[in-house]
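Keep the viewer open as you read.

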Amino acid sequence: MLARILKGSRTLSSASLFLRPHIHRPYTAAQLVTSASKMTNSNTVNIPCAERVAHFEQDVWSIFTPLAVECQAVNLGQGFMNFPPPDFVLEAAREALLRNDCNQYSHPKGRPRLRNALAKSYSPLFNRELDPEHEVVVTAGANEGIFSIFAGYLDKGSEVILMEPFFDQYIANITMNGGVPVYCPIRPQGDSTKEMSASQWKVDIKELESKITPRSKIIVLNTPHNPIGKVFSREELEEIGALATKHNLLIISDEVYDRLYFNPENHERIATLDGLWERTITVGSGGKTFGTTGWRIGWLVGPKKLLEPALGAHTRIVFCVNSPLQEAIAIGFEKAEEQKFFGSQVSAYEHKREKLLSVFRELGLPATVPDGSYFILVNTDKIQVPQDYVFPDLLYKRPRDFRTCYWLAKEIGVVAIPPSEFYSKENQNLAEKFARFAFCKTDETLDAAAERLLKLKAYIK
Ligand SMILES: Cc1ncc(COP(=O)(O)O)c(C=O)c1O
């Protein structure tokens, strides 16, 4: 498969999609695997890679991030902020770097100061007094936390139920640990040719139950949801929780956007529902919470017994998480309240959401209005990409949204992400008419994107 990817990459050379510009930009693990394999192939040594990475396909980020640079496009693709973290968090990081104790190993569970700060901040949100010694584990970003849970629970052939679209890293995290992802779509209910609320995307609970087999071990929930922006209602959480209880599944509740939702009444945590604390590990992210996605600080919250296997794996994967930035995130939590940080962050994101939505409204392109997270899914069906437009070969093998997003980047100058990347092969058709735009960007960037997007008027039927 890697050979296929490499062959595919050569066919794209005219589009120079694989030029690596000498500027800093985020990488994903799959990109690094691809680069490493290229290095091996460019000399005479040929050491085959492990099965567990051999099936990785070229990921969406390694196509669209270089494309953004190549076309000097406004990048609303990857979900990283192009504005700095809050001053009080940056200041804490600077000070921590100057303290010797912050430059040495931390406890694998996480620095006590951060575990205490997390327990204090989260106890009221979980309606229980969290024990910082046993009910919180600090991880290298939410992603490593999730990987550690899979490493701690999956055996070869264990099945993990995912609702799609899903955060793309889940798949490699599952398969690298011997697990098998099983998919159930969240479908838009109603007329997706008109603006929709994210709450109109629903999972059919009977269909979800039909995916459960005796090999099912874990169900993954993501709320607020990337990329739909859906915040699952209490009723939906109760139904999912009831299934997990009936079939004895572990629930991973990926709540990395738990400080980014726009209607304070409707965000609920599945771990707070009757009887579900005992079977739920909730995942959080310092990157999303304080705009520090490159710091790689995340956390797991759950009962001691459930966290132990994940902690065991985490200790062997990273041993501990980088110390100075744990300290900075701890101070971030300690000061967030007096700084009224979370409220003002939500207001800032709400303003950004409205700014970007207003462009799609003006264009008459139906969007899904997110209730949380910082993504907008837009129905691009009305955009008429010229029929004779020539795309790089590789894109003809991908679903239509890849070509629409490529054209958007090249001709309109704005990068969005094709959401079929977040679906299993059999359900990618559900995503073909959508594009995902991230609004975790400065107002200047959003204004520049708006100006370019308005050029779409000439292409809308
Ligand atoms: C749904 C979801 N889960 C997990 C993560 C990973 O978070 P982190 O950057 O803390 O590893 C992301 C990042 O985009 C995400 O969107």
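Axes are lines fitted to C-alpha atoms, for helices over the stretch in contact, and angles run from 0 to 180 degrees between N-to-C directions. Helices (H or I, at least four residues) and strands (E, at least two) are DSSP runs, numbered from the N terminus. What you are looking at is a predicted model, in which local features need pLDDT of at least 70 and side-chain atom pairs count only at pLDDT 80 or more, while totals for chains, interfaces and linings use all residues. Residue numbers start from 1 along each chain as its sequence is written.

Look now at helix 5 (residues 87-97) and helix 13 (residues 323-336), which pack at an angle of about 140° with their axes 8 Å apart. Helix 5 and helix 13 are therefore oblique to each other. The contact (C-beta atoms, placed from the backbone, within 7 Å) includes Phe88, Val89 and Ala92 of helix 5, and Pro324, Glu327 and Lys335 among the residues of helix 13. By class, this contact divides into 10 nonpolar, 1 polar and 2 charged residues. Here Ala, Val, Leu, Ile, Met, Phe, Trp, Tyr, Cys and Pro count as nonpolar, Asp, Glu, Lys and Arg as charged, and the others, Gly among them, as polar.

A second pair is helix 4 (residues 61-70) with helix 16 (residues 400-412), whose axes come within 9 Å and cross at roughly 15°. That angle makes helix 4 roughly parallel to helix 16. Phe64, Leu67 and Ala68 in helix 4 meet Cys405, Tyr406 and Ala409 in helix 16, a contact with 6 nonpolar, no polar and no charged residues.

Stepping back, the domain assignment (automatic or from a database) gives domain 1 (2-79 + 343-459) and domain 2 (87-336). Their C-alpha centres lie 25 Å apart, and the contact takes 29 residues from domain 1 and 35 residues from domain 2. On the side of domain 1 that touches domain 2, helix 14 gives the most, with 4 residues.

Technical notes: Angles under 35 degrees count as roughly parallel, over 145 as roughly antiparallel, 65 to 115 as roughly perpendicular and the rest as oblique. Two residues are in contact if their C-beta atoms, placed from the backbone, lie within 7 Å.
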